[in-house]
Amino acid sequence: MTSSTPLRRQPVQQRSAKRVERMLEACASLIEEVGYDGVTTTLIAERAGVAVGSLYQFFPDKRAVVQALTLRNLEKFVQAVDARFTSTTLEHWWDAVDSIFDVYVSMHREVPAFSKLHFGDVVDLRLLDDRRDNNTVISDRIAEMISTKFDIPLAELQLPISIAVEAADGVLNLAFRRDQAGDQRILDEAKALVRGYLSTRLPD
């Protein structure tokens, strides 16, 4: 769980929830077009087809809208990984790590604005949770999922998964700098790097 709450108030009615969803979709499409710095609350409201005052009913500023969008992407990531874990035969923890890696790459290619925001570091290193940096939030969730799936004590996973996430983050950034869709050779090297490191730290 995260401690940050970007919404000023939670939408209660279905109509309000749909309006907030339109704001998040508008924010994502604008970030794709002009980047985070080019987005304003006025532009978000215009793209979403709502009055800017309506946006301010739910969000105090642009950062909060982007924070909500990033938290939604985190939930999409976790749900996609859970779906892979459920639908795929995972005989070893490295199969799970490969699945997590593949979900991240797919989101980078397919989810609007994800390639620009990732999990929020371009905005704030603690965008997901004001108590932990973004990569720690991600690595903790991954460690919890692997711990549950393979009955490995969480304490044995947290540090190596955290280091693997940091290493993968750097190499994946390189892959997507070289090629907008991700340089496949570098993606393969990143996956090999992560598996090679974790194989020396996690049980067989």
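Arg-109 lies in helix H5. Helices are DSSP runs of type H or I with at least four residues, and they are numbered from the N terminus. The model is predicted: local features need pLDDT of at least 70, side-chain atom pairs count only at pLDDT 80 or more, and totals for chains, interfaces and linings use all residues. Residues are numbered from 1 along each chain as its sequence is written, and side-chain values use heavy atoms, with hydrogens and water left out.

**Exercise 1. Arg-109**

Task: Classify Arg-109 by relative accessibility and list what Arg-109 touches.

Solution: 
- Step 1. Recall the classes: buried means under 20% relative accessible area, exposed over 50%, and partly exposed in between (1.4 Å probe, protein chains only).
- Step 2. Arg-109 has 43% relative accessibility, so Arg-109 counts as partly exposed.
- Step 3. Now look for contacts, meaning heavy atoms within 4.5 Å. Leave out residues up to four places away in sequence; Arg-109 then touches Phe-176, Ala-181, Gly-182, Gln-184 and Leu-187.
- Step 4. Take Phe-176. Along the sequence, Arg-109 and Phe-176 are 67 residues apart; in space, 9.5 Å separate their C-alpha atoms.

**Exercise 2. H5 against H8**

Task: Describe how helix H5 and helix H8 pack.

Solution: 
- Step 1. Find the helices: H5 is residues 93–110 and H8 is residues 154–178.
- Step 2. Read the geometry: the angle is about 35°, and the axes are 12 Å apart.
- Step 3. The crossing of H5 and H8 is right-handed. A crossing is right-handed if the near helix is turned clockwise from the far one by less than a right angle, and left-handed if anticlockwise.
- Step 4. Name the residues. H5 gives Phe-101, Tyr-104, Val-105, His-108 and Arg-109, while H8 gives Asp-169, Leu-172 and Phe-176.
- Step 5. Sort them: five are nonpolar, one is polar and two are charged. Here Ala, Val, Leu, Ile, Met, Phe, Trp, Tyr, Cys and Pro count as nonpolar, Asp, Glu, Lys and Arg as charged, and the others, Gly among them, as polar.

**Exercise 3. H5 against H7**

Task: Repeat the analysis for H5 and helix H7.

Solution: 
- Step 1. H7 covers residues 134–150.
- Step 2. The axes of H5 and H7 come within 10 Å and cross at roughly 145°. This crossing is right-handed.
- Step 3. From H5 come Trp-93, Ala-96, Val-97 and Ile-100; from H7 come Ile-142, Ile-146 and Phe-150.
- Step 4. The classes are seven nonpolar, no polar and no charged residues.

**Exercise 4. Annotated spans and domains**

Task: Which spans does UniProt annotate, and what is the domain assignment?

Solution: 
- Step 1. An unreviewed UniProt entry places "domain: HTH tetR-type" at residues 17–77. UniProt positions follow the numbering used here, feature names are shortened, and annotations may be inferred rather than shown by experiment.
- Step 2. Residues 17–77 are 87% helix and 0% strand, with end C-alpha atoms 21 Å apart. A strand is a DSSP run of type E with at least two residues.
- Step 3. The annotation "DNA-binding region", also from an unreviewed UniProt entry, covers residues 40–59. This span is 75% helix and 0% strand, and its end C-alpha atoms lie 12 Å apart.
- Step 4. The domain assignment gives domain 1 (11–59) and domain 2 (63–200). Such bounds come from an automatic or database domain assignment.
- Step 5. Taken over C-alpha atoms, the domain centres are 26 Å apart. The contact takes twelve residues from domain 1 and 15 residues from domain 2.

Definitions and conventions. Axes fitted to C-alpha atoms, helices over the stretch in contact; angles between N-to-C directions.
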